[in-house]
Amino acid sequence: MAPEGTPPPVVLACGEVRTCLLPALQALDSRSAAQLLGLRADERVLLSERPNVYGRSPDTLTGVDCPLPSANGARIRAVGTVAARASLTEGRVLQSSAHFRVPAAGPDHRRPWGHYLVRPGTVEPFGRLPHEAVAQGLLNGGRHGELDVGLIADGLLTRLLRHPLLDQRPPLKSRPTRLRWVALPAERDEGPSIERFTLAEDELRTVRLRVPPGTPSGEVAGLCDDLALHDWLLTTVVRILDGIRLGAAEPPARPRPRPGEDRPAVVTALRPAVDHLLHLWMPRARVAHELAPLWEALEDRPGFTRQWRTLVQRIRDQLALHAIPPLHREAEMTP
Amino acid sequence: MLVFAASDKGGTGRSVTSANLAYQRALTGDHVAYVDFDFGSPTAAAVFDVPGAMRGTEESGLHSYLEGAVTEPARIDVWRQTEHPQLRARPNQAGRLVLLPGDAGGGEFATGEDALERCVDLLLRLHGEFDLIVVDLSAGRSYAVDMVLAATAHPRMRYVPFRWLVFHRWTRQHVIAAAGLVHKDHGIIRGGVERGHDEEALRGAVRFVRAAVPDPDSPLWSQGTPAQAAWMQSCDEALRRLAAEHRIGDSVVLGVVPLEPILQWREQLITEEDVLSTQIANKETLEALEEIARRLTDDDCWGRP
């Protein structure tokens with residue numbers, strides 16, 4: 001084989017993150033987390049305890065050979081591998097994340113698998129890549145048969161959720177979320193930026209980023225995992241607060257409290273948030289230094305941490321209110 | 001909580017009644033999923049009035065999911081996608097109401113080990129997300145019934161509470177058939193025990209819903225002759241005796257749904273509007289549905305009779 005020249009630069013990275021509550025009554029400790037995330041015998045699980053307890057599986061690779069979705073209908077076949085990994089934060093929030101990068105151009109024929117295997121997480125197009133159209137196509141979601149990185153993330157999640165360590169007794173009802181992202185190269189000398197962050201459907205978020213050329217796609221995926229985690233936390237706590245009925249008696253259809261469990265419905269609803277979620281907020285805990293400015297933008301608008309603080313304060317206020325004996329509390333509320 | 005809706009025969013109003021129960025629970029603030037495992041004749045799209053949303057789910061419904069063709073089955077948000085004008089205005093404080101449709105045109109199919117695992121995956125994911133999951137099963141001792149019996153006996157499902165509702169009409173034939181579906185050799189209890197269920201626990205988790213029951217005291221029949229009234233009264237008593245002999249007597253009945261033309265003919269959700277404003281539905285029917293919906297999670301109504 002002829003020696004290769006400089007490989008064409010990466011012009012597109014894409015990924016999808018699934019985030020859900022770990023379906024287990026108790027959070028997993030580090031050792032159990034390592035068992036859950038030990039996807040490969042030949043590579044160790046990354047465990048860290050500062051600034052929070054976190055575990056990350058080694059990357060698994062999935063070979064793909066299929067068309068890439070594109071917004072303008074162009075058919076671009078691509079071959080390579082998608083990298084996927086799972087992570088567990090504070091033994092409580094499980095994420096699976098799949099991503100790949102695409103160079104500006106590739107050969108117009110398929111090479112032997114060995115070529116692709118030494119480039120993990122790279123998918124090479126046949127010919128030149130219309131990266132803007134493909135980026136939009138990826139965000140919109142492809143048609144059946146086109147490369148769907150979400151499927152790979154979901155397959156990994158399904159595998160993890162079947163693990164016998166999990167007792168399938170989640171302490172609260174919550175909805176998993178999906179965050180789909182693409183990263184395109186930034187203009188010369190420009191820093192990283194978030195072009196768009198949308199809440200597309202109830203559970204789907206899409207993020208369009210610009211990152212300086214040469215930013216490793218694993219680091220972008222790390223940033224997006226962090227975004228997805230905090231977006232999920234906000235979404236979940238907002239829904240818990242949505243579900244409580246202030247000042248109302250126990251709704252008639254709810255099960256009657258068992259003896260010894262006669263605390264107010266509001267406390268019952270908020271308790272799992274206090275037990276399992278409120279201590280998880282820690283933006284940028286594992287985001288690469290160069291990408292950290294992206295978080296600052298989100299803190300400015302829409303103001304992730306600002307919203308989180310308000311939610312936490314609301315939960316604490318509600319709980320404080322319910323610590324007051326009912327006699328006094330109700331007297332205040334009656335008009 | 002999982003609630004399986006079963007019936008021995010068609011025409012018991014199982015789908016429409018269980019959909020109404022799902023709707024009533026969502027109104028009270030619960031997040032509810034309605035899973036259409038009626039593989040022979042998926043009707044949920046009509047009941048929730050979501051024909052438009054069903055287009056595009058032909059190849060991503062529950063059949064395709066269980067067969068492994070898609071990794072996630074389609075979901076339809078009923079409040080948002082229904083074409084029913086009164087449902088579209090999601091009432092304040094209502095919970096989510098999500099339909100997981102079957103594939104259009106899908107029939108019964110044999111289930112294997114993989115389909116069972118996927119069924120367990122699905123039920124567990126829904127359990128993590130929804131307060132109540134109503135699973136509508138094909139009539140008779142179908143593959144759907146076998147699959148969920150096996151799924152609920154699966155070790156991964158050991159902490160997921162479930163209950164069975166068996167729907168039957170209030171006739172001799174239907175009473176005998178419903179009792180057979182549960183208690184006979186090839187019934188739900190025996191089938192469940194074969195798959196690892198505890199017999200007593202499973203018995204305690206099965207209740208009956210009598211559907212399309214004419215109430216002799218209702219004004220509908222008050223114009224009848226005394227002879228007619230007496231005859232109805234005696235038939236009703238005979239049926240009660242028959243039901244008790246077949247171990248489906250009053251102590252294991254969760255509720256009685258009156259004979260209601262709107263359920264029989266329109267096969268749709270009964271809204272407050274239907275009762276209060278247009279008055280095409282009877283107040284008693286709505287109240288019966290509300291009460292059954294409440295009892296689904298009232299532990300006093302379940303367990304060993």
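**Note on the predicted model, chains A and B**

1. Confidence. Chain B has a mean pLDDT of 91, and 97% of its residues reach 70 or more. This is a predicted model. Its scores are ipTM 0.91 and pTM 0.93.

2. Fold content of chain B. Chain B holds 15 helices and 8 strands. Its radius of gyration is 19 Å, close to the 19 Å that the globule rule gives for 305 residues, so chain B is as compact as a globular protein of that length. The C-alpha trace of chain B spans about 60 × 45 × 35 Å along its principal axes.

3. Packing within chain B. Of the 305 residues in chain B, 49% are buried. Take the contacts in chain B between residues at least 6 apart in sequence: 79% of them join residues at least 24 apart.

4. The interface. Contacts link 20 residues of chain A with 22 residues of chain B. On the chain A side, helix H4 (residues 149-161) supplies the largest share, 5 residues. By type, the chain A side that touches chain B splits into 9 nonpolar, 5 polar and 6 charged residues.

5. Helix H1 of chain A. This helix covers residues 30-37, and its buried residues are Ala33(A), Leu36(A) and Leu37(A). Viewed down the axis of H1(A), they fall within an arc of 85 degrees, so they line one face of the helix.

6. What that face meets. The buried residues of H1(A) pack against strands S2 (46-48), S3 (54-56) and S5 (76-89) of chain A. They also pack against H4 of chain A, the helix with the largest share of the chain A side that touches chain B.

Terms used:
Residues numbered from 1 in each chain as written. Chains lettered and ligands numbered in written order. Predicted model: local features only at pLDDT ≥ 70, side-chain atom pairs only at ≥ 80, totals over all residues. pLDDT = per-residue confidence, 0-100. Contact = placed C-beta atoms within 7 Å. Helix = DSSP H or I, 4+ residues; strand = E, 2+ residues; numbered from the N terminus. Nonpolar A, V, L, I, M, F, W, Y, C, P; charged D, E, K, R; others polar. Buried ≥ 20, exposed ≤ 12 C-beta atoms within 10 Å, placed from the backbone. Arc of directions from axis to C-beta. Rg over C-alpha atoms; globule rule 2.2 N^0.38 Å.
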